[in-house]
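Subject: Structure for you to look at

Hello,

Here is the structure I said I would pass on. Please open it first, then read the notes below with it on the screen.

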Amino acid sequence: MRSLIPLFVAAFAAFNPAQEIPGVKVALVSPSSLVQAGKPIELQLHVEVTADTEVPAELLTGVRLHVDVADKPGPRIVEPGRGGPVALAAGTRLTRTLSFPVERLAPNVDPNGVTPIAVTWDGLAGVGCVLKVAPDSSKIDLAAIDHAKTKVVLVTNFGEMTLSFRPDKAPKTVENFLKLCKQGFYDGTKFHRVLRNFMIQGGDPNSKDDSKPETWGMGDPGYKIDAEFNDLKHLRGTLSMARSNDPNSAGSQFFVVHKDAPHLDNKYTAFGNLEAGADVLDAIANVPVGGPQKSTPLEPVVLQSTVILPVKK
(Lines give C-alpha, C1' and ligand atoms only; values in the text may rest on other atoms or scores of the structure.)
Protein backbone atom coordinates (compact mmCIF):
# COMPACT_ATOMS: atom_id res chain seq x y z
CA MET A 1 0.00 0.00 0.00
CA ARG A 2 1.11 3.53 -0.67
CA SER A 3 1.59 5.92 2.22
CA LEU A 4 -0.64 9.00 2.20
CA ILE A 5 1.91 11.09 4.11
CA PRO A 6 4.21 12.13 1.23
CA LEU A 7 1.18 12.80 -0.94
CA PHE A 8 -0.30 15.00 1.79
CA VAL A 9 2.91 17.00 1.93
CA ALA A 10 2.97 17.30 -1.86
CA ALA A 11 -0.58 18.63 -1.90
CA PHE A 12 0.42 21.73 0.01
CA ALA A 13 3.70 22.49 -1.74
CA ALA A 14 3.47 25.45 -4.10
CA PHE A 15 5.24 23.56 -6.88
CA ASN A 16 6.99 20.20 -6.88
CA PRO A 17 9.97 19.61 -9.16
CA ALA A 18 9.25 17.04 -11.84
CA GLN A 19 12.64 15.39 -12.28
CA GLU A 20 11.52 13.55 -15.42
CA ILE A 21 11.08 16.85 -17.32
CA PRO A 22 14.11 19.09 -16.79
CA GLY A 23 13.21 22.76 -16.49
CA VAL A 24 9.61 22.10 -15.47
CA LYS A 25 7.89 22.26 -12.09
CA VAL A 26 4.48 20.62 -11.73
CA ALA A 27 1.92 20.50 -8.92
CA LEU A 28 -1.41 18.71 -8.70
CA VAL A 29 -3.73 20.26 -6.11
CA SER A 30 -7.33 20.02 -4.99
CA PRO A 31 -8.97 23.43 -4.41
CA SER A 32 -11.30 21.78 -1.91
CA SER A 33 -10.03 19.39 0.73
CA LEU A 34 -13.47 17.83 1.30
CA VAL A 35 -15.88 16.89 -1.49
CA GLN A 36 -19.36 15.44 -1.27
CA ALA A 37 -20.30 12.30 -3.13
CA GLY A 38 -22.62 13.28 -5.95
CA LYS A 39 -20.60 16.40 -6.77
CA PRO A 40 -17.63 16.57 -9.14
CA ILE A 41 -14.06 16.43 -7.89
CA GLU A 42 -12.00 19.25 -9.33
CA LEU A 43 -8.21 19.11 -9.54
CA GLN A 44 -5.79 21.75 -10.74
CA LEU A 45 -2.56 20.93 -12.56
CA HIS A 46 -0.05 23.77 -12.33
CA VAL A 47 2.87 23.83 -14.77
CA GLU A 48 5.78 26.26 -14.40
CA VAL A 49 8.62 26.30 -16.97
CA THR A 50 11.98 27.48 -15.65
CA ALA A 51 14.03 26.78 -18.80
CA ASP A 52 13.19 26.39 -22.49
CA THR A 53 12.08 22.80 -22.94
CA GLU A 54 9.59 20.37 -24.48
CA VAL A 55 6.79 18.69 -22.55
CA PRO A 56 4.68 15.67 -23.53
CA ALA A 57 1.28 16.51 -24.97
CA GLU A 58 -0.50 14.59 -22.22
CA LEU A 59 0.72 17.14 -19.66
CA LEU A 60 -1.20 19.88 -21.49
CA THR A 61 -4.20 18.07 -22.98
CA GLY A 62 -4.26 14.52 -21.57
CA VAL A 63 -4.54 12.79 -18.22
CA ARG A 64 -2.38 10.21 -16.47
CA LEU A 65 -3.70 9.68 -12.96
CA HIS A 66 -3.45 6.92 -10.39
CA VAL A 67 -5.83 6.92 -7.43
CA ASP A 68 -5.58 5.28 -4.01
CA VAL A 69 -8.87 4.97 -2.12
CA ALA A 70 -8.62 4.58 1.67
CA ASP A 71 -4.94 3.64 1.18
CA LYS A 72 -5.82 0.85 -1.27
CA PRO A 73 -5.04 0.87 -5.01
CA GLY A 74 -7.89 2.37 -6.99
CA PRO A 75 -8.52 3.24 -10.63
CA ARG A 76 -6.06 4.55 -13.19
CA ILE A 77 -7.24 7.23 -15.59
CA VAL A 78 -5.21 7.56 -18.77
CA GLU A 79 -6.21 9.84 -21.64
CA PRO A 80 -3.52 10.52 -24.27
CA GLY A 81 -2.75 14.10 -25.13
CA ARG A 82 -3.31 15.57 -28.57
CA GLY A 83 -0.30 15.72 -30.88
CA GLY A 84 3.37 15.34 -30.03
CA PRO A 85 5.72 17.10 -27.61
CA VAL A 86 5.11 20.83 -27.16
CA ALA A 87 7.90 23.42 -26.92
CA LEU A 88 7.49 25.85 -24.01
CA ALA A 89 9.59 28.91 -23.24
CA ALA A 90 11.06 29.69 -19.86
CA GLY A 91 8.66 31.72 -17.74
CA THR A 92 5.56 29.95 -19.04
CA ARG A 93 2.93 29.25 -16.37
CA LEU A 94 -0.14 27.15 -17.08
CA THR A 95 -3.03 25.90 -14.97
CA ARG A 96 -5.42 23.17 -16.07
CA THR A 97 -8.65 22.35 -14.27
CA LEU A 98 -9.63 18.68 -14.37
CA SER A 99 -13.12 17.62 -13.30
CA PHE A 100 -14.28 14.07 -12.60
CA PRO A 101 -17.40 12.47 -11.14
CA VAL A 102 -16.62 11.11 -7.69
CA GLU A 103 -17.44 7.57 -8.78
CA ARG A 104 -14.77 7.70 -11.48
CA LEU A 105 -11.97 8.50 -9.03
CA ALA A 106 -13.39 6.72 -6.00
CA PRO A 107 -16.02 4.11 -6.95
CA ASN A 108 -16.20 2.57 -3.47
CA VAL A 109 -16.51 5.36 -0.90
CA ASP A 110 -17.93 4.87 2.58
CA PRO A 111 -21.65 5.85 2.39
CA ASN A 112 -21.69 6.77 6.09
CA GLY A 113 -18.23 8.22 6.66
CA VAL A 114 -15.35 10.15 5.16
CA THR A 115 -13.12 8.37 2.65
CA PRO A 116 -9.57 9.66 2.01
CA ILE A 117 -8.30 9.47 -1.56
CA ALA A 118 -4.84 10.19 -2.92
CA VAL A 119 -4.31 11.17 -6.55
CA THR A 120 -0.91 11.10 -8.27
CA TRP A 121 0.21 11.97 -11.78
CA ASP A 122 1.91 8.86 -13.10
CA GLY A 123 5.43 9.47 -14.30
CA LEU A 124 6.02 12.64 -12.28
CA ALA A 125 7.56 11.88 -8.90
CA GLY A 126 5.98 13.73 -6.00
CA VAL A 127 3.16 15.27 -8.02
CA GLY A 128 -0.08 14.49 -6.23
CA CYS A 129 -2.64 15.57 -3.69
CA VAL A 130 -5.01 14.14 -1.13
CA LEU A 131 -8.62 14.95 -0.36
CA LYS A 132 -11.60 13.42 1.38
CA VAL A 133 -14.99 12.33 0.09
CA ALA A 134 -17.99 12.69 2.39
CA PRO A 135 -21.52 11.30 1.98
CA ASP A 136 -23.90 13.21 -0.28
CA SER A 137 -25.62 15.61 2.13
CA SER A 138 -28.67 15.89 -0.11
CA LYS A 139 -29.47 12.21 0.44
CA ILE A 140 -29.22 12.23 4.23
CA ASP A 141 -32.46 11.57 6.12
CA LEU A 142 -32.34 14.20 8.87
CA ALA A 143 -34.98 12.35 10.86
CA ALA A 144 -32.78 9.26 11.01
CA ILE A 145 -29.64 10.90 12.38
CA ASP A 146 -28.61 11.93 15.89
CA HIS A 147 -28.38 15.72 15.76
CA ALA A 148 -26.29 15.81 18.93
CA LYS A 149 -23.59 13.60 17.40
CA THR A 150 -23.80 14.69 13.78
CA LYS A 151 -21.33 17.35 12.68
CA VAL A 152 -21.12 19.78 9.77
CA VAL A 153 -17.92 20.85 8.05
CA LEU A 154 -17.85 24.39 6.67
CA VAL A 155 -15.51 24.21 3.68
CA THR A 156 -14.17 27.70 2.96
CA ASN A 157 -11.43 29.14 0.78
CA PHE A 158 -9.53 29.66 4.04
CA GLY A 159 -9.85 26.05 5.20
CA GLU A 160 -12.32 23.89 7.10
CA MET A 161 -14.29 24.48 10.30
CA THR A 162 -16.17 21.61 11.93
CA LEU A 163 -19.32 22.34 13.91
CA SER A 164 -21.18 20.33 16.54
CA PHE A 165 -24.70 21.04 17.76
CA ARG A 166 -26.81 21.37 20.91
CA PRO A 167 -30.30 20.16 20.05
CA ASP A 168 -30.96 19.83 23.78
CA LYS A 169 -30.86 23.64 23.97
CA ALA A 170 -32.16 24.74 20.55
CA PRO A 171 -33.72 21.78 18.69
CA LYS A 172 -35.64 23.76 16.05
CA THR A 173 -32.63 25.95 15.28
CA VAL A 174 -30.37 22.92 14.84
CA GLU A 175 -32.98 21.23 12.65
CA ASN A 176 -33.28 24.35 10.47
CA PHE A 177 -29.51 24.69 10.07
CA LEU A 178 -29.11 21.04 9.08
CA LYS A 179 -32.02 21.34 6.64
CA LEU A 180 -30.36 24.28 4.91
CA CYS A 181 -27.05 22.43 4.78
CA LYS A 182 -28.77 19.40 3.25
CA GLN A 183 -30.31 21.65 0.58
CA GLY A 184 -26.94 23.18 -0.29
CA PHE A 185 -28.44 26.55 0.64
CA TYR A 186 -25.18 27.90 2.03
CA ASP A 187 -22.94 26.77 -0.83
CA GLY A 188 -21.31 29.79 -2.45
CA THR A 189 -22.36 32.29 0.22
CA LYS A 190 -19.78 34.44 1.99
CA PHE A 191 -18.79 35.42 5.47
CA HIS A 192 -19.90 38.94 4.68
CA ARG A 193 -19.42 40.50 8.12
CA VAL A 194 -16.17 40.05 10.02
CA LEU A 195 -15.24 41.78 13.26
CA ARG A 196 -11.95 40.68 14.78
CA ASN A 197 -12.18 39.88 18.48
CA PHE A 198 -15.96 39.61 18.14
CA MET A 199 -17.37 37.26 15.50
CA ILE A 200 -17.58 36.18 11.85
CA GLN A 201 -21.05 36.17 10.23
CA GLY A 202 -22.32 34.35 7.15
CA GLY A 203 -25.27 32.47 5.73
CA ASP A 204 -26.89 35.26 3.70
CA PRO A 205 -27.96 34.10 0.20
CA ASN A 206 -27.65 37.72 -0.99
CA SER A 207 -23.88 37.48 -0.52
CA LYS A 208 -23.68 35.27 -3.61
CA ASP A 209 -24.33 38.38 -5.72
CA ASP A 210 -21.15 40.45 -5.89
CA SER A 211 -22.96 43.20 -7.78
CA LYS A 212 -25.20 44.07 -4.81
CA PRO A 213 -23.03 44.21 -1.68
CA GLU A 214 -25.44 46.74 -0.19
CA THR A 215 -27.96 43.89 0.25
CA TRP A 216 -25.57 41.61 2.12
CA GLY A 217 -26.86 40.96 5.61
CA MET A 218 -30.50 41.35 4.60
CA GLY A 219 -31.21 37.93 3.12
CA ASP A 220 -32.93 34.85 4.52
CA PRO A 221 -34.39 31.54 3.25
CA GLY A 222 -37.82 33.10 2.76
CA TYR A 223 -39.02 32.48 6.30
CA LYS A 224 -38.18 33.25 9.92
CA ILE A 225 -37.75 30.94 12.89
CA ASP A 226 -38.59 31.59 16.52
CA ALA A 227 -35.81 32.33 18.97
CA GLU A 228 -34.69 29.58 21.33
CA PHE A 229 -32.76 31.62 23.87
CA ASN A 230 -30.99 29.38 26.37
CA ASP A 231 -28.23 29.28 28.96
CA LEU A 232 -25.38 28.53 26.54
CA LYS A 233 -22.68 31.18 26.83
CA HIS A 234 -21.31 33.07 23.84
CA LEU A 235 -17.73 31.96 24.33
CA ARG A 236 -15.04 31.75 21.67
CA GLY A 237 -16.18 29.19 19.10
CA THR A 238 -19.89 29.37 19.96
CA LEU A 239 -22.23 28.99 16.97
CA SER A 240 -25.25 31.28 17.14
CA MET A 241 -28.01 32.72 14.95
CA ALA A 242 -27.92 36.28 13.66
CA ARG A 243 -31.14 38.30 13.74
CA SER A 244 -32.57 41.82 13.51
CA ASN A 245 -34.17 43.73 16.38
CA ASP A 246 -37.08 41.29 16.37
CA PRO A 247 -36.06 38.30 18.55
CA ASN A 248 -37.95 35.97 16.20
CA SER A 249 -36.29 37.17 12.98
CA ALA A 250 -33.52 34.61 12.47
CA GLY A 251 -33.58 32.61 9.25
CA SER A 252 -30.31 31.40 7.76
CA GLN A 253 -27.64 33.83 8.91
CA PHE A 254 -25.33 32.62 11.65
CA PHE A 255 -22.12 33.65 13.34
CA VAL A 256 -19.17 32.06 15.10
CA VAL A 257 -17.83 33.94 18.11
CA HIS A 258 -14.16 34.91 17.81
CA LYS A 259 -13.76 36.26 21.35
CA ASP A 260 -16.01 35.77 24.37
CA ALA A 261 -19.11 37.98 24.01
CA PRO A 262 -21.14 37.72 27.22
CA HIS A 263 -23.34 40.66 26.21
CA LEU A 264 -25.00 38.31 23.66
CA ASP A 265 -25.96 35.67 26.23
CA ASN A 266 -29.69 34.88 26.30
CA LYS A 267 -30.28 37.46 23.55
CA TYR A 268 -29.20 35.38 20.57
CA THR A 269 -29.85 31.69 19.97
CA ALA A 270 -26.65 29.75 20.60
CA PHE A 271 -26.99 26.27 19.11
CA GLY A 272 -23.56 24.74 18.64
CA ASN A 273 -19.80 24.98 18.88
CA LEU A 274 -16.66 24.99 16.80
CA GLU A 275 -15.17 21.51 17.18
CA ALA A 276 -12.16 21.94 14.90
CA GLY A 277 -10.69 24.71 12.78
CA ALA A 278 -9.88 27.40 15.34
CA ASP A 279 -6.96 28.42 13.14
CA VAL A 280 -9.38 28.98 10.25
CA LEU A 281 -11.65 31.04 12.50
CA ASP A 282 -8.63 33.19 13.40
CA ALA A 283 -7.57 33.50 9.77
CA ILE A 284 -11.02 34.70 8.70
CA ALA A 285 -11.39 37.01 11.69
CA ASN A 286 -8.10 38.70 10.78
CA VAL A 287 -8.80 39.42 7.11
CA PRO A 288 -8.53 43.10 6.13
CA VAL A 289 -11.98 44.71 6.11
CA GLY A 290 -13.58 47.85 4.70
CA GLY A 291 -16.98 49.14 3.73
CA PRO A 292 -19.24 51.57 5.58
CA GLN A 293 -19.15 49.51 8.78
CA LYS A 294 -15.50 48.48 8.46
CA SER A 295 -16.62 44.86 8.57
CA THR A 296 -16.74 43.70 4.92
CA PRO A 297 -13.78 41.47 3.99
CA LEU A 298 -11.69 43.03 1.23
CA GLU A 299 -10.77 39.49 0.16
CA PRO A 300 -13.90 37.34 -0.30
CA VAL A 301 -14.33 34.66 2.34
CA VAL A 302 -16.39 32.04 0.52
CA LEU A 303 -18.32 29.22 2.13
CA GLN A 304 -17.77 26.75 -0.69
CA SER A 305 -19.92 23.99 0.78
CA THR A 306 -21.45 22.63 3.98
CA VAL A 307 -20.84 18.92 4.41
CA ILE A 308 -22.94 16.91 6.86
CA LEU A 309 -21.12 14.10 8.67
CA PRO A 310 -24.11 12.03 9.81
CA VAL A 311 -24.36 9.77 12.82
CA LYS A 312 -27.38 7.51 12.81
CA LYS A 313 -29.65 7.26 15.84
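**Aromatic rings**

Ring pairs link F165, F177, F185, Y186, F191, F254 and F271 into a cluster. Rings of Phe, Tyr and Trp (for Trp, its six-membered ring) pair if their centres lie within 6.5 Å; planes under 30 degrees apart count as stacked, over 60 as edge-to-face and the rest as tilted. This is a predicted model: local features need pLDDT of at least 70, side-chain atom pairs count only at pLDDT 80 or more, and totals for chains, interfaces and linings use all residues. Residues are numbered from 1 along each chain as its sequence is written, and side-chain values use heavy atoms, with hydrogens and water left out.

The whole structure has 9 aromatic pairs. In one of them, the ring centres of F185 and Y186 are 5.5 Å apart and the planes stand at 85 degrees, so this pair is edge-to-face. F185 and Y186 are both buried. Here, buried means under 20% relative accessible area, exposed means over 50%, and partly exposed is in between (1.4 Å probe, protein chains only).

F191 and F254 also form an edge-to-face pair, because their ring centres are 5.9 Å apart and their planes are at 85 degrees. F191 lies in the loop between β14 (189–190) and β15 (193–195) and F254 in strand β18, so the pair ties together parts that are 63 residues apart in sequence. Both of these residues, F191 and F254, are buried. Helices (H or I, at least four residues) and strands (E, at least two) are DSSP runs, numbered from the N terminus.

**The chain overall**

The chain has 5 helices and 22 strands. Its C-alpha atoms fill a box of roughly 65 × 45 × 30 Å along the principal axes. Of the 313 residues, 48% are buried. Among contacts (heavy atoms within 4.5 Å) with a separation of 6 or more, 70% join residues 24 or more positions apart.

**Cores**

A nonpolar core is a set of buried Ala, Val, Leu, Ile, Met, Phe, Trp, Tyr and Cys residues joined through side-chain atoms within 4.5 Å. Which members of the largest core touch the most other members? They are M161, F165, F177, I200 and F254, out of 35 residues. Elements giving two or more residues to this core include β12 (151–156), β13 (159–165), α4 (171–183) and β22 (302–309). The largest share, 5 residues, comes from α4.

F165 has contacts beyond four places in sequence with residues including H147, V174, F177, L239 and F271. A second, separate core has 32 residues, among them L45, V63, I77 and V133.

**Sheets**

Two strands pair if DSSP finds at least two bridges between them.

Another open sheet has 5 strands in the order β3-β11-β10-β6-β7, with mixed pairing. The edge strands β3 (34–36) and β7 (72–79) each pair on one side only. From one strand to the next, the twist averages 30 degrees. β6 (residues 63–69) pairs with β7 in the antiparallel sense over 6 bridges, and V63 stands opposite E79 in β7.

**Two loop residues**

Is S252 buried or exposed? S252 counts as buried because its relative accessibility is 0%. S252 lies in the loop between β17 and β18, and its side chain reaches the backbone oxygen of G203 at 2.8 Å. Beyond four places in sequence, the contacts of S252 include L180, F185, Y186 and M241.

G217 lies in the loop between β16 and β17. At 36% relative accessibility, G217 counts as partly exposed. Leaving aside neighbours within four places in sequence, G217 is in contact with H192, D204 and Q253. G217 and V69 are 148 residues apart in sequence and 41 Å apart in space, C-alpha to C-alpha.

Regards

Definitions and conventions: Axes are lines fitted to C-alpha atoms, for helices over the stretch in contact, and angles run from 0 to 180 degrees between N-to-C directions. A polar contact is a pair of N or O atoms within 3.5 Å; within protein, one must be able to donate a hydrogen and the other to accept it, and residues adjacent in sequence count only if both atoms are side-chain atoms.
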